[in-house]
Amino acid sequence: MKYLTEYRKPELVEQYLDQINQSVTRPWTIMEVCGGQTHSLVKNGILDMLPKNLQMIHGPGCPVCVTPLNLIDKAIYLAEKKEVILCSFGDMLRVPGSKKSLLESKATGADIRILYSPLEAVKLAKENPEREVVFFAVGFETTAPANALSVVHANRAGLKNYSILASHVLVPPAIEAVMDDDESHVKAFLAAGHVCAIMGLDEYYPLVEKYKVPVVVTGFEPVDLLQGILMTVRQLESGEAKLENQYSRVVQSDGNPAARSLIQQVFQVNDREWRGIGSISKSGYEVRSEFSNFDANLKFQIDIEEAVENGECIAGQVLKGIKKPYECPQFGEKCKPSTPLGAPMVSSEGACAAYYHFATAMEGM
Amino acid sequence: MCLAIPGKIKSIETLEDYLVRMAKVSFGGILKEASLELVPEANEGDYVLVHAGVAISIVDEEEAHKTFQYLKEIGELDELEEG
Ligand code: SF4
């Protein structure tokens with residue numbers, strides 16, 4: 001319990017923990033979908049405080065981790081073109097492609113820039129009319145409005161030298177993929193608060209209905225997580241399966257309608273490859289044909305071989321919650337944050353990296 | 001990378017090129033630009049959740065302070081320093 005004093009509201013934490021302890025009478029497995037939540041659960045030592053028969057499974061909640069190898073190779077291919085300035089979020093740079101990472105490519109001279117926002121990339125395109133600026137647009141639904149907005153801005157400004165390499169993934173289809181997998185024993189989900197701040201709650205009702213599985217939209221702070229877990233456990237124990245919103249101070253039931261219509265204007269849903277998991281139908285966004293001039297996939301001839309995943313990495317099973325990171329034979333041996341074999345070891349939100357960094361707080365290791 | 005960070009709107013200007021309202025938002029003293037297109041009702045002095053340079057919702061001051069403090073404690077503000 002050494003972590004408790006660091007919390008903003010230690011009394012509340014105690015109170016929720018007590019209630020969770022009292023509520024749990026049988027073993028349950030709950031998956032948190034969002035990598036930010038994984039990070040918070042591990043870093044704050046919450047996993048240690050939960051009752052033994054309550055298992056938290058860390059879902060595929062890190063868009064960087066599930067970006068396919070092939071797409072990273074494409075980004076590297078583009079970055080190494082003389083005329084291209086390739087931009088992305090910092091997390092993306094260290095992820096290994098089939099031969100190297102963007103960071104390694106940068107070290108050998110490719111013009112790769114880490115940006116905080118895709119809107120900065122549009123600015124860069126405006127300032128560098130003789131160059132091609134490509135934004136490697138990774139993210140969940142939370143990031144889709146920013147990426148869509150960059151396309152809208154570039155279009156309005158009449159820019160011909162801006163495009164995005166879209167690598168978007170969606171949360172509800174990932175929940176379906178987990179539920180459809182016979183090996184998975186997940187019985188309930190904490191859904192990602194900031195994703196729902198954009199998308200609202202509507203998409204989750206059909207999931208609750210179809211799979212009879214409790215889904216609780218939850219924030220990422222310790223008190224939020226504990227409250228979300230408590231709400232979930234109460235449903236499980238009473239045999240209910242409802243959608244509940246723990247994070248209502250931020251998440252409205254219709255999300256942000258302006259953001260949703262912006263996403264629809266620029267993107268359409270497509271089938272999508274998830275690294276380590278495989279193809280999930282209707283689980284990503286691609287640029288609509290109206291904006292095809294801004295789609296790096298169409299703008300450039302990208303001529304590369306289809307890459308093969310590293311066979312030693314069991315990221316797929318980790319991301320679906322079938323195995324824990326420390327059950328991977330490579331964990332902490334061949335695979336460390338400094339020499340990652342798979343993407344979940346790279347991003348700070350990846351399940352393997354979260355476990356590695358805070359391994360001492362974990363049990364059974 | 002999926003977290004949205006709360007900050008306070010210090011000033012607002014309209015960018016003629018893109019016809020958008022952009023704000024200077026202070027995150028504990030670090031100033032960043034954020035588009036206000038998705039929160040058209042936001043004004044100077046309001047607190048907004050910002051993700052990747054776009055404000056996605058308005059939050060109250062207390063929530064903003066608490067969340068910011070928490071993100072700082074767990075070291076999740078690095079991305080503000082990037083770029
Ligand atoms: S520990 Fe490394 S090799 Fe094992 S699943 Fe995680 S990323 Fe893959």
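## Pockets, cavities and the model

On a 1 Å grid over the protein atoms alone, a pocket is an open set of points with protein on both sides within 12 Å along at least five of seven lines, while a cavity is a set of points where a 1.4 Å probe fits but cannot get out; lining residues have an atom within 4 Å of a point. Grid points are joined across faces, edges and corners, and a volume is the space filled by probe spheres set on the points.

The model you are looking at is predicted, so local features need pLDDT of at least 70 and side-chain atom pairs count only at pLDDT 80 or more, whereas totals for chains, interfaces and linings use all residues. Residues are numbered from 1 along each chain as its sequence is written, chains are lettered from A and ligands numbered from 1 in the order in which they are written, and side-chain values use heavy atoms, with hydrogens and water left out.

## The second largest pocket

Let us start with the open space: the second largest pocket has a volume of about 430 Å³. Its lining counts 26 residues, and A:Pro68, A:Asn70, A:Leu71, A:Arg272 and A:Glu273 are the closest to its centre. Sorted by class, the lining holds 10 nonpolar, 7 polar and 9 charged residues. Here Ala, Val, Leu, Ile, Met, Phe, Trp, Tyr, Cys and Pro count as nonpolar, Asp, Glu, Lys and Arg as charged, and the others, Gly among them, as polar.

Helix H5 (69-79), strand S6 (162-169), strand S10 (267-274) and strand S11 (278-287) of chain A each bring at least two residues to this lining. S10(A) gives the most, with 5 residues. Helices (H or I, at least four residues) and strands (E, at least two) are DSSP runs, numbered from the N terminus.

## The mixed sheet

S10(A) also belongs to an open sheet of 6 strands with mixed pairing, in the order S4-S3-S5-S6-S11-S10 (chain A). Strand S4 (112-114) and S10 of chain A are the edges; each has a single partner strand, so one side of each is left without a neighbour in the sheet. From one strand to the next the twist averages 25°, taken between axes that are lines fitted to C-alpha atoms, with angles from 0 to 180 degrees between N-to-C directions.

S10(A) and S11(A) run antiparallel and are joined by 7 bridges; two strands pair if DSSP finds at least two bridges between them. Across this pair, A:Val269 stands opposite A:Tyr285 in S11(A).

## The parallel sheet

Chain A has another open sheet, where 5 strands pair in parallel in the order S2-S1-S7-S8-S9. Its edge strands, S2 (54-58) and S9 (243-245) of chain A, each pair on one side only. Strand S8 (residues 215-218) of chain A runs parallel to S9(A), with 3 bridges between them, and A:Val215 stands opposite A:Leu243 in S9(A).

## The cavities and the ligand

The count comes to 4 cavities of 30 Å³ or more. Of the 14 residues lining the largest cavity, A:Cys313, A:Ile314, A:Cys328, A:Cys335 and A:Cys352 lie nearest its centre.

The residues around the ligand, each with a heavy atom within 4 Å of it, include A:Phe331, A:Leu341 and A:Met345. This shell has 10 nonpolar, 2 polar and no charged residues.
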